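Reader: Please take me through the structure shown below, one question at a time.

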Amino acid sequence: MTNRELLYIKTIAETHNITHAAQKLSVAQPSLTQSLQRVEKTLNCTLFDRRKNGLFLTEAGKLYYDTACKILSEWEALLSQLEQNNAQKGGTLKIGASWYHTLLVLTPMLPDYRRQFPLVNLQLTEQKSADLLQRLERRELDLILVHEYPAEYPAPYDAGDTGLLRLPLGEEPFCIVLPRKFALSGQEAGKPYPVLPPEALKGIPLIRFSPGQRIGQICDFVFDQAGFQPPAAITTYSFPSALELAASGLGAAILPEGYVRAQVGPDAPMQVFSIGAQYHAYWRSAAVYPAQTRRAPALEAFLECLKRDREKRRLR
């Protein structure tokens with residue numbers, strides 16, 4: 001009797017249906033039926049009563065089911081312990097993130113993780129969110145940190161692979177940054193900066209981001225809500241470049257609030273404005289990783305570190 005056969009019979013018992021069990025196990029229905037027949041022939045007993053409303057355990061089947069649950073539980077515990085031992089010896093954890101997530105999320109939390117798993121070989125790949133998601137779907141990475149569109153954005157859900165799970169890490173609003181020479185004024189509304197409607201930027205060139213970047217697509221969405229698209233002053237890929245170009249007087253830029261707060265001091269030659277909630281000027285962050293019955297301890301600990309860091313940022 002193999003672990004696979006134990007799992008097959010257990011799943012049939014819990015779903016009461018061969019078709020549903022096959023779907024859950026990702027196996028062909030004829031193959032699952034043959035496995036059940038083979039087990040019953042080997043044991044010389046019937047494990048299920050075939051009724052109109054499904055398959056139900058016989059007395060022999062109940063005994064088999066209880067035993068299968070115990071064996072599979074012990075097997076999972078053994079594998080978990082072996083993985084724990086292997087993780088203590090080392091192993092590799094492949095993480096993907098944008099440079100901004102590296103700065104905002106990974107830099108403050110990695111020392112805590114490294115103290116728990118000093119021998120794990122951490123490998124960091126820095127790319128834009130769409131490219132990271134493709135690599136995760138090919139299972140080239142163990143976990144990625146991605147920026148997702150606002151909930152109101154007219155686009156498919158980012159992590160469309162049903163074999164992926166996501167851990168929400170929070171939302172970050174965007175700000176308008178522009179030189180003081182434009183002398184615009186916003187309204188105080190309980191936000192970190194005065195609120196300026198995007199319509200106020202009509203006639204002011206915008207420092208845009210590359211079309212494939214998530215922030216550039218969200219900026220286009222914001223101006224769609226405002227009913228116009230400002231002229232482009234220049235296109236860049238870099239937050240630091242966009243900020244410096246705005247400071248030089250080239251035009252306005254829209255940047256994440258966390259980045260602006262860290263980079264723009266009170267004496268900077270720029271104005272900073274928040275954007276009203278009705279324009280949906282924000283993005284969401286999430287950790288995305290494969291759905292697995294059993295996760296490696298190194299990955300499990302990494303997720304716990306992300307959760308603790310998320311709570312710390314919420315309390316700030």
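Author: Ala, Val, Leu, Ile, Met, Phe, Trp, Tyr, Cys and Pro count as nonpolar, Asp, Glu, Lys and Arg as charged, and the others, Gly among them, as polar. This is a predicted model, in which local features need pLDDT of at least 70 and side-chain atom pairs count only at pLDDT 80 or more, while totals for chains, interfaces and linings use all residues. Residues are numbered from 1 along each chain as its sequence is written, and side-chain values use heavy atoms, with hydrogens and water left out.

Reader: How do the residues of the lining of the largest cavity divide by class?

Author: A cavity is a set of points on a 1 Å grid over the protein atoms alone where a 1.4 Å probe fits but cannot get out, and lining residues have an atom within 4 Å of a point. The largest cavity is lined by 15 residues, with Ser98, Lys128, His147, Gln213 and Arg214 nearest its centre. Helix 5 (99-116), helix 6 (129-137) and helix 7 (214-226) each give two or more residues to this lining. By class, the lining residues are seven nonpolar, six polar and two charged.

Reader: What is the volume of the largest cavity?

Author: Grid points are joined across faces, edges and corners, and a volume is the space filled by probe spheres set on the points. One cavity of 30 Å³ or more is present. The volume of the largest cavity is about 190 Å³.

Reader: How are helix 1 and helix 3 oriented to each other?

Author: Helices are DSSP runs (H or I, at least four residues) numbered from the N terminus, and axes are lines fitted to C-alpha atoms over the stretch in contact, with angles from 0 to 180 degrees between N-to-C directions. Helix 1 (residues 3-15) and helix 3 (residues 29-43) have axes that come within 10 Å and cross at roughly 105°. Angles under 35 degrees count as roughly parallel, over 145 as roughly antiparallel, 65 to 115 as roughly perpendicular and the rest as oblique. Helix 1 and helix 3 are therefore roughly perpendicular.

Reader: What is the handedness of the crossing of helix 1 and helix 2?

Author: Helix 1 and helix 2 (residues 18-25) pack at about 125°, with axes 8 Å apart, and are therefore oblique to each other. A crossing is left-handed if the near helix is turned anticlockwise from the far one by less than a right angle, and right-handed if clockwise. The crossing of these two helices is right-handed.

Reader: Which residues of helix 3 make the contact with helix 2?

Author: The axes of helix 2 and helix 3 lie 9 Å apart at an angle of about 110°. Contact means heavy atoms within 4.5 Å. Helix 2 contributes Ile18, Thr19, Ala21, Ala22 and Leu25, and helix 3 contributes Gln29, Leu32, Thr33 and Leu36.

Terms used
1 Å grid on protein atoms, 1.4 Å probe; cavity = no way out; pocket = protein on both sides within 12 Å on 5 of 7 lines; lining within 4 Å.
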